[in-house]
Protein chains: 2
Amino acid sequence: MPKHRPLSEDALQLVAARFAVLAEPMRLRLIQALFDGEKNVTELVGVTEGTQANVSRHLQTLTAAHILARRKEGLQVFYRISDPTIPKLCELVCGSLEKSLTRQIGHLAPE
Amino acid sequence: MPKHRPLSEDALQLVAARFAVLAEPMRLRLIQALFDGEKNVTELVGVTEGTQANVSRHLQTLTAAHILARRKEGLQVFYRISDPTIPKLCELVCGSLEKSLTRQIGHLAPE
DNA sequence: CAAGTATATGCATCTCTGCGCATATAAAGT
DNA sequence: ACTTTATATGCGCAGAGATGCATATACTTG
């Protein structure tokens, strides 16, 4: 089991690609909307206030990255979060950002 | 303390921006090179096999994102990881990718 | 103060990706 | 079979960012 060995060039590209998928506000909105269970595309379009085409594309991207999973039911397609590390990932980043922002606020009002 | 409330639009942009910073192989190489302590720019150029200009730029980006910190000593500038969540972040992603890849390998050789 | 070394930056280019628009596919109902 | 509803995709454009080259800045030494 490789734990902390330096990553190969290929591995780095994979990691970078995964971060890139998460680097779009619209995709984060979709992920966030799915935190409380699966939704179909139309619902997601409503929640995120994006066009249907765009939402569909982003859902494709997220599914290809194995972050979401699809389930077809008649005319509708339901998406859900399939990667359990996603919530933890978001928590980590949010926590880090909170700290960073609190520090900045401190700098704005020193005394 | 906000824990699992839906993020505002601004917050989403910040999170996305942070992921974007981590979405470059060269920057990941730099981060990886700094896991075992601080290094100056020339050392980092050597390790990552990039041009000096490029490495310098990426270091700027990482520092602006509060992921790295700078320390000047004479002519040299030493960089180090300043955000303690970065290693955990990378671990999470790597673990998730390993699982994903193992699953794919399983598909290639089912029995 | 001139020369050399370490690091940063301006500029041009090139690629990649997100978006809007229109249209295609798929499934259900009439 | 035709229409309607839900979802996906082809195409073109525009903006962002990564890279290379040259050059600027900062500090040190002679």
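This is a predicted model: local features need pLDDT of at least 70, side-chain atom pairs count only at pLDDT 80 or more; totals for chains, interfaces and linings use all residues.
**Ground rules.** Residues are numbered from 1 along each chain as its sequence is written, chains are lettered from A and ligands numbered from 1 in the order in which they are written, and side-chain values use heavy atoms, with hydrogens and water left out.

**Entry 1: DNA strand D.** I looked up which residues lie near the strand (a heavy atom within 4 Å of it). There are 23 residues around DNA strand D, and Thr42(A), Arg57(A), Arg70(A), Tyr79(A) and His58(B) come nearest. I sorted the residues of this surface into seven nonpolar, 10 polar and six charged. For that I counted Ala, Val, Leu, Ile, Met, Phe, Trp, Tyr, Cys and Pro as nonpolar, Asp, Glu, Lys and Arg as charged, and the others, Gly among them, as polar.

I then listed the elements that each supply at least two residues: H3 (41-48), H4 (52-64) and strand E3 (76-81) of chain A, and H4 (52-64) of chain B. Helices (H or I, at least four residues) and strands (E, at least two) are DSSP runs, numbered from the N terminus. H4(A) gives the largest share, five residues.

For Asn54(B), a sugar or linking oxygen is 3.0 Å away.

**Entry 2: helix H2 of chain A.** I checked how covered H2(A), residues 25-33, is: eight of its nine residues are buried (under 20% relative accessible area; exposed is over 50%, partly exposed in between; 1.4 Å probe, protein chains only). Among the buried ones are Pro25(A), Leu28(A) and Gln32(A).

H2(A) packs on H4(A) at about 75°, with the axes 10 Å apart. Axes are lines fitted to C-alpha atoms, for helices over the stretch in contact, and angles run from 0 to 180 degrees between N-to-C directions. I therefore call the pair roughly perpendicular (65 to 115 degrees). The contact (heavy atoms within 4.5 Å) uses Met26(A), Arg27(A), Leu30(A) and Ile31(A) of H2(A) with Val55(A), His58(A), Leu59(A), Thr61(A) and Leu62(A) of H4(A). These residues divide into six nonpolar, two polar and one charged.

**Entry 3: two residues of H1(B).** Arg18(B) sits in H1, residues 9-21 of chain B, and counts as buried because its relative accessibility is 6%. Leaving aside neighbours within four places in sequence, the contacts of Arg18(B) include Val93(A), Ser96(A) and Leu97(A), and also Asp83(B).

Leu12(B) also lies in H1 of chain B and is buried at 4% relative accessibility. Not counting residues up to four places away in sequence, Leu12(B) touches Pro25(A), Leu28(A), Arg29(A), Gln32(A) and Leu7(B).

**Entry 4: positive phi.** Most residues other than glycine have a negative phi. Glu49(A) is not a glycine, yet its phi is positive, about 60°. Glu49(A) is in the loop between H3 and H4 of chain A and is exposed, with a relative accessible area of 72%. Glu49(B) likewise has a positive phi of about 60°. Glu49(B) is in the loop between H3 and H4 of chain B, and I count it as exposed because its relative accessibility is 71%.

Definitions and conventions
A polar contact is a pair of N or O atoms within 3.5 Å; within protein, one must be able to donate a hydrogen and the other to accept it, and residues adjacent in sequence count only if both atoms are side-chain atoms. Angles under 35 degrees count as roughly parallel, over 145 as roughly antiparallel, 65 to 115 as roughly perpendicular and the rest as oblique.
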